[in-house]
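Here is a set of questions and answers for working through a structure step by step. Look at the sequence and the model first, and then try each question before reading the answer below it.

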Amino acid sequence: MPESIDFQKLLELFQYDKFDPLLFGTSLFLFFFLAVLIIYRVFAQNNALKIYSLIFFSLFFYYKAANYFVALLLLSSILNFYSGKFIFKTASQNMKRLILTTTIIINLGILVYFKYTNFFLEIIMNISGGEFEPLKILLPIGISFYTFKAMSYIIEIYFEMIEPTDSFRDFTLFIFFFPNLLMGPIDRASTFIPQIEREYKLTNHDVGLALFLICSGLIKKYVIADYVSLNFTDRVFEFPLRFTGVENLLAIYGAAMVGYCDFSGYTDLALAVGLLLGFKMIDNFNRPFKAYSIADYWRRWHISLSTWLLDYLFKPLQISLRNMRGYGTSIAIFVTFFIVGLWHGPNWTFILFGLLHSIYLIFSMATQKYRDAFYSKLGIKDSKVLRVFQIFFTFNLLVFTAILFRTPSLEYFSHMLSQIFTYFHAEVLLQYVEAYPIIIILLGFAYLMHYTPLSWEKKTVELLSKIPVVVQALILAVVIWFVIQFKSAELQPFIYFQF
Amino acid sequence: MLSERLIKVLNKELNLSDFNFTEETTANQVPGWDSLNHINIILAIEKEYSTKFKGIEILRVKNLGDLQKLIDSKTAQ
């Protein structure tokens with residue numbers, strides 16, 4: 001007799017589970033997403049139904065990840081929608097500024113309460129010498145991303161870059177949109193909202209691009225990032241003193257690539273999901289380790305956040321301090337990167353990360369003229385050799401800050417550095433390569449792909465757009481099979497080379 | 001129409017000679033006009049026209065056409 005369906009289990013699939021949000025790449029997500037896509041195709045002619053189905057699914061998606069915090073999403077939508085309307089309607093410039101400032105304070109107040117209360121309390125307690133008991137504040141997942149997304153709307157209205165939308169429905173979709181809800185990209189109202197009412201059309205190029213993004217996203221996230229971090233970099237970062245300096249160094253270079261593959265892999269999947277629903281979102285990464293300067297890096301890494309801060313924080317600050325010239329710009333850089341650090345989390349490691357980047361940038365700005373003059377004198381100013389050297393140098397500066405991105409505390413950070421400088425043991429490298437060939441191959445592959453010309457990527461997408469659907473499906477199936485092999489692979493055994 | 005005077009200031013600040021500036025040109029299309037250099041260009045324009053822009057006025061400028069209009073509105077006063 002066939003087993004009866006366990007309705008309790010089935011119901012659980014629809015309920016909030018702290019340990020099981022609907023992440024892209026899980027089979028449950030795939031199941032729900034296919035259902036949404038089918039509704040989408042069936043109601044292709046009925047725009048309202050399509051929009052409501054997306055809003056409904058996005059709310060469900062957030063509920064699965066954050067439970068009752070779904071109310072915060074609603075609150076954020078109401079606050080920013082009406083604030084946008086008022087800013088636009090008010091004639092007085094002072095009044096506009098007052099509404100904008102108040103709304104930003106409320107937005108940031110909510111964000112700061114959930115994310116930083118304990119961090120600030122701890123600092124206050126440390127100074128006053130009291131006992132610190134952290135308050136039990138749960139963090140609503142994705143809050144930094146959707147708060148910034150919502151704020152872009154009111155700021156763009158204030159800057160007269162857009163007019164507010166009349167449709168609360170469209171605005172909620174902008175805030176709720178599940179592909180970019182939890183981890184960005186932080187889309188702008190000015191590019192996103194006009195796409196909502198547009199007719200749903202998928203070109204061959206869209207399908208080819210989506211296929212490319214899914215394949216690259218799955219490989220980056222599940223094959224490279226998850227496998228290498230689980231079997232290598234996490235272990236070293238959690239117990240740096242158990243490993244030799246050479247392993248610590250290798251883990252640092254590994255972690256830089258893992259961090260990129262993890263975030264950009266997730267973003268690729270988000271972009272593909274959005275694309276299949278007819279939405280083009282901001283791209284978030286452009287081969288960041290090809291940057292020839294730190295400023296160039298910030299045009300290539302987490303682009304939606306860096307342009308957000310550039311347009312809404314750095315530029316206004318820089319302009320208001322312009323009479324101080326270079327000093328004013330330095331202050332603007334310093335403040336912006338302090339916020340960049342803090343935005344990533346309530347931890348001193350992130351604050352130091354931001355501080356280092358601001359020092360790099362200010363130093364680079366202050367010495368630019370002299371360096372250019374020096375390169376001209378040597379006759380290498382626009383040479384390829386100089387460019388390669390600059391990329392190599394920038395990359396190493398970045399890797400140094402990447403330690404701070406991954407390490408749990410400043411104490412661990414100093415442990416890693418001390419292992420590298422006092423307990424290096426270069427001979428372990430060969431043993432390591434022999435013991436973990438897969439890790440080395442994966443990292444080597446990731447770095448190699450990273451430095452291939454961007455035009456190869458464009459050509460691949462073109463090719464994928466032209467091949468028959470059957471071949472496209474076959475490619476996807478092969479990639480999924482490959483990913484599953486890595487996802488289900490057993491953990492690599494620990495080896496402590498120093499013993 | 002962009003004035004010769006504005007183009008002269010831009011060429012001087014950006015060390016350019018034959019770049020084709022139009023009303024639709026945005027900062028990121030011009031070589032050397034990055035976010036760090038931006039402020040020097042604004043200061044040079046303010047100096048050339050002996051005027052002072054408000055912060056919000058500069059932030060609302062989307063392209064060179066807007067910039068020219070802003071300058072015109074200031075010099076007409």
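Q: At what angle do helix H9 and helix H18 of chain A pack, and how far apart are their axes?
A: The model is a predicted one, and all values are computed from its atoms. Two packed helices are described by the angle between their axes and the distance between the axes. For helix H9 (residues 204-238) and helix H18 (residues 437-450) of chain A, these are an angle of about 140° and a distance of 10 Å.

Q: Are H9(A) and H18(A) parallel, antiparallel, perpendicular or oblique to each other?
A: An angle has to be over 145 degrees to count as roughly antiparallel, and from 65 to 115 to count as roughly perpendicular. The angle between H9(A) and H18(A) is about 140°, and H9(A) passes H18(A) in a left-handed crossing. The two helices are therefore oblique.

Q: Which residues of H18(A) make the contact with H9(A)?
A: By class, this contact has nine nonpolar, one polar and no charged residues. From H9(A) come Val223(A), Ile224(A), Tyr227(A), Val228(A), Asn231(A) and Phe232(A). From H18(A) come Ile439(A), Leu442(A), Leu443(A) and Ala446(A).

Q: Is the crossing of H9(A) with H19(A) left-handed or right-handed?
A: H9(A) also packs with helix H19 (residues 454-466) of chain A, at an angle of about 120° and with the axes 7 Å apart. These two helices are therefore oblique to each other. As for its hand, the crossing in which H9(A) passes H19(A) is right-handed.

Q: How many nonpolar, polar and charged residues are in the contact of H9(A) with H19(A)?
A: On the side of H9(A), the residues are Asn204(A), His205(A), Val207(A), Gly208(A), Leu209(A), Leu211(A) and Phe212(A). They meet Thr460(A), Val461(A), Leu464(A) and Ser465(A) in H19(A). Divided by class, the residues of this contact are six nonpolar, five polar and no charged.

Q: Which helices of chain A do the buried residues of H7(A) pack against?
A: In H7(A), the buried residues are Phe171(A), Thr172(A), Leu173(A), Phe174(A), Ile175(A) and Phe176(A). Looking for what surrounds them in chain A, one finds helix H3 (47-66), helix H4 (70-89), H6 and H8.

Q: Which residues of H4(A) meet H7(A)?
A: H4(A) and H7(A) pack at an angle of about 125°, with their axes 10 Å apart, and H4(A) passes H7(A) in a right-handed crossing. From H7(A), the contact takes Phe168(A), Phe171(A), Thr172(A), Ile175(A) and Phe176(A). From H4(A), it takes Leu73(A), Ser76(A), Ser77(A) and Phe81(A).

Q: How many residues of domain 1 and of domain 2 of chain A are in contact?
A: Chain A is divided into domain 1 (15-200) and domain 2 (205-487), and the C-alpha centres of these domains lie 26 Å apart. Where the domains touch, the contact joins 25 residues of domain 1 with 23 residues of domain 2.

Q: Is His302(A) buried or exposed?
A: His302(A) is found in the loop between helix H11 (294-297) and H12 of chain A, and has a positive phi of about 40° although it is not a glycine. A residue is buried if 20 or more other C-beta atoms lie within 10 Å of its own. Because His302(A) has 22 other C-beta atoms within 10 Å, this residue is buried.

Q: Is Ser50(B) buried or exposed?
A: Ser50(B) sits in the loop between helix H2 (38-48) and helix H3 (55-59) of chain B, and its phi is near 45°, a positive value in a residue other than glycine. Because 8 other C-beta atoms lie within 10 Å, Ser50(B) is exposed.

Q: Which helix of chain A gives the most residues to the side that touches chain B?
A: The contact between the chains takes 13 residues from chain A and nine residues from chain B. By class, the side of chain A has seven nonpolar, three polar and three charged residues. The element that gives the most, with seven residues, is helix H12 (residues 303-320).

Technical notes
Residues are numbered from 1 along each chain as its sequence is written. Chains are lettered from A and ligands numbered from 1 in the order in which they are written. This is a predicted model: local features need pLDDT of at least 70, side-chain atom pairs count only at pLDDT 80 or more; totals for chains, interfaces and linings use all residues. Two residues are in contact if their C-beta atoms, placed from the backbone, lie within 7 Å. Helices (H or I, at least four residues) and strands (E, at least two) are DSSP runs, numbered from the N terminus. Ala, Val, Leu, Ile, Met, Phe, Trp, Tyr, Cys and Pro count as nonpolar, Asp, Glu, Lys and Arg as charged, and the others, Gly among them, as polar. Axes are lines fitted to C-alpha atoms, for helices over the stretch in contact, and angles run from 0 to 180 degrees between N-to-C directions. Angles under 35 degrees count as roughly parallel, over 145 as roughly antiparallel, 65 to 115 as roughly perpendicular and the rest as oblique. A crossing is left-handed if the near helix is turned anticlockwise from the far one by less than a right angle, and right-handed if clockwise. Domain bounds come from an automatic or database domain assignment. A residue is buried if 20 or more other C-beta atoms lie within 10 Å of its own, exposed if 12 or fewer, and partly exposed in between; C-beta atoms are placed from the backbone.
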